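These are my notes from going through the model, taken element by element.

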Amino acid sequence: MADTCPRCGFAEVSSDRCPQCGVVIATYQSSLEKMRRGPAPRPAAPAARPAAATPARAAAVTTGSRHVIFRGSGGSLFGIHVVNALLILATVGIYYFWAKVRVRSYLWSESEFEGDRFAYHGTGRELIIGFAKAALFFFLPATLLNMLPELLGASPVVIIVTRMLVSIFAAIFIPIAIVGARRYRLSRTSWRGIRFSLRAKTGDFARLWILGWLLIPLTLGFYYPSFIVNQHRFLTSHSWFGSERFSFDGRGRDLLPAWFGVVLLFVPTLGLSWFWFAARRQRYYAEHTRVAGARFRSTVTGPKLAWLTISTWIGLICTVGLAWPWLTVRRMRRTFEWLSLDGPLALDTITQQAQQVNATGEGLSGFFDADLGFT
Amino acid sequence: MRLDWDAAYLDGRTAARRRATVHITRTGLDVVLAEDGARFFWPFREIRQTQGTYAGEQVRLERGGEMSEVLLIGDVGFLSAARAASPEAGHLHDPSRRRFRAGLTFGALVTAVALALGIYYFGIPAFAEVAAARVPVSWEESLGRAIVDHFAPAARRCDDPVRQARIDAVVARLTATAQPQPYTFRVTVVNSGVVNAVAAPGGNIIVFRGLLERTDSAEELAGVLAHEVEHVLHRHVTRAIFQRASTGILMAALVGDVSSVVAYGLEGARTLGTLQMSRAAESEADRDGIRLLQAAGIDTAGMITFFDKLSARERGGDDILPRYLRTHPTTSERIATLRSLAAAAAPPQGRLLPDDAWDNVKNLCGQRPADARSPRR
């Protein structure tokens, strides 16, 4: 018989149950033991390994075409939205960050893949700290720099020079925001208890980004497809699901003909050719992205994408935004229907790998409207 | 009471999903894994519920920090059973409260709408008034200069120092009675056929040639100027800027994340609101404008005649006139209000300028070639 409780350290335990914390000593100790060993004997795969689906592990590999299914309803989302709106008004806007978490949490929880829901782990506290940091380090200095010369009555030359400085300042912060927001969101997303992550140096992306914007005008726009594909490659191939890395093998020149087409047809089609290009790009990105031995595939087409986007806009504008919950649900359903993950999928060697991430980039992205996802 | 439930277990270290059975005890959950019979215990106080509060969701219980373990239970009946079995499970969601929660949500909807209307009709105007009063005059002046440069680029200004001095004299006579006030008033005449006048913040008043040429006496222009001077003194434009910004924030709060698309839809609603607020500002400028004229000893009949003339042209369907009326909605009701205000005091003796002298002044832009958009037919 134990005389101190192994859980809370209470000294006078006379029976099998601790009178202070109520734990059953024998059960607790055995569970501790199990926890130490891990609940089940796992295949000896301690470190990350490229998940080539070898025949030896065929039993754990599933095949076929898999979809993310969105199971949420517009009604529930509207309920969340109403309570959020009330609390945002009542707290003079401070609740905004928690509201955002509640909406994301719902959308993630309602997205199901292979019978398991995604989960969102971000908190309002993280978001508000991220926002405050972004405001302090970016928004405040940029605004001051933009307005001070004029308020102080400086000469037009000084005003123009500071405006240019602010533009350069912003141009450097946009890639930082893109990477930061992606890093934060992935790190706060899990499926089957395993977190996603982005493991990349922000500076590398900023270099790619700034170089791209310099090369686009120099090449009369021909560099644009390479630029967007390079960005996508960077963000995808540095994304991980636990110990499993996503890979991307696309090349910018493959999109060059489509890019040509969209530019030539942009005016005659009143801009609608853009949807055709966007759909082509989505299909291309999907087909060249792999994870855990499986490859993505997209069935999106220009008309489908155009109709979804335009009808969502019209719906939002006509209802002054009130139909947002239902339109969001509809948009998520469609988008997930178009995307599938095909082929053998090896999940059992994937292990958790924790990453330290803060929400500053997320806060920054709010200032640029550079939202990547649905919310 | 059912105490054993089928579940799935995620250990937080691998992506494997394991079948498990959960047994509810008084202090926590006894979990047994199906494949190897491993057992462990989760005390209720260490359990967080992160999913399963909405219809159709499975129950998700988490335990531990960064790499938390997860139990997934498909049947929400589990929650009721756990809550019934132990007082320590009180923090888990209660499915029987979902109806009540729907009621609460409806209550929140009603409250949110009421709160939003209250803020819109009372909170924002009050805030805008307080905030506008605290804006330094120098800021208003630099904002006003930007507006003047926009409406009246230097090339389109009518410069005639002699005749301009007559107009300035009218302004000086008006503002002399409104002391103390921090603004330096300046009238800029623009060579454009538009029948309009604009009060920019900080004391800059823009009068378009079209309006000037339609006045038949100095008193008529004095009426328009009195109205515009009151806009400046009441800081109506500065107030409108605050109102617009805070209306935008209010709408963002109601609609949630405002993407650029929703912003377009909101723009329409916001403009309607702005128009409605500007009507209130117009009546205020009318009312106090009449008082300003009376205090300066200028005949108020000029203002009323001019507004009458404009509204008659509006009814006549003249296309060029209504620009002023759209921003300064001259309804017969407003003119009636002006008449009753004017009747309160006896008309003063004497004129500002004889009519033939005014005919000279109002053609301030006359030497220039006629504007292409000239309303003359």
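I first looked up the open sheet of chain A, in a model that is predicted, and found 5 strands in the order 2-13-12-11-10 with antiparallel pairing. Strand 2 (65-66) and strand 10 (247-248) of chain A stand at its edges, and because each has a single partner strand, one side of each is left without a neighbour in the sheet.

Within this sheet I followed strand 12 (residues 294-298) and strand 13 (residues 339-342) of chain A, which pair in the antiparallel sense over 4 bridges; A:Ser298 has A:Leu339 of strand 13 as its bridge partner. I then asked what lies across these strands, and found helix 9 (residues 273-287) of chain A, which lies across strand 11 (289-291), strand 12 and strand 13 and runs at about 170° to strand 12.

A:Ala292, in the loop between strand 11 and strand 12 of chain A, has a positive phi near 50°. Is this residue buried or exposed? I noted 24 other C-beta atoms within 10 Å of A:Ala292, and the cut-off for burial is 20 or more, so A:Ala292 is buried. A:Val92, which is not a glycine either, has a positive phi of about 55° and sits in the loop between helix 2 (74-90) and helix 3 (96-109) of chain A. A:Val92 has 10 C-beta neighbours inside 10 Å and therefore counts as exposed.

Strand 4 of chain B is mostly covered, since 4 of its 5 residues are buried.

Last, I looked up helix 3 (residues 137-151) of chain B, whose 15 residues should span 21 Å at 1.5 Å a residue, and its end C-alpha atoms are 21 Å apart, which agrees. Its buried residues are B:Glu140, B:Gly144 and B:Val148, and because they cover an arc of only 75° around the axis, they are on the same side of the helix. I recalled that residues three or four places apart in an α-helix point the same way. What covers the buried residues of helix 3 of chain B includes strand 8 (186-190), strand 9 (197-200), strand 10 (204-208) and helix 7 (236-255) of chain B, whereas B:Ser138, B:Asp149 and B:His150 are exposed on the other side of helix 3.

Conventions:
Residues numbered from 1 in each chain as written. Chains lettered and ligands numbered in written order. Predicted model: local features only at pLDDT ≥ 70, side-chain atom pairs only at ≥ 80, totals over all residues. Pairing = 2+ DSSP bridges. Helix = DSSP H or I, 4+ residues; strand = E, 2+ residues; numbered from the N terminus. Contact = placed C-beta atoms within 7 Å. Axes fitted to C-alpha atoms, helices over the stretch in contact; angles between N-to-C directions. Buried ≥ 20, exposed ≤ 12 C-beta atoms within 10 Å, placed from the backbone. Expected span 1.5 Å × (residues − 1). Arc of directions from axis to C-beta.
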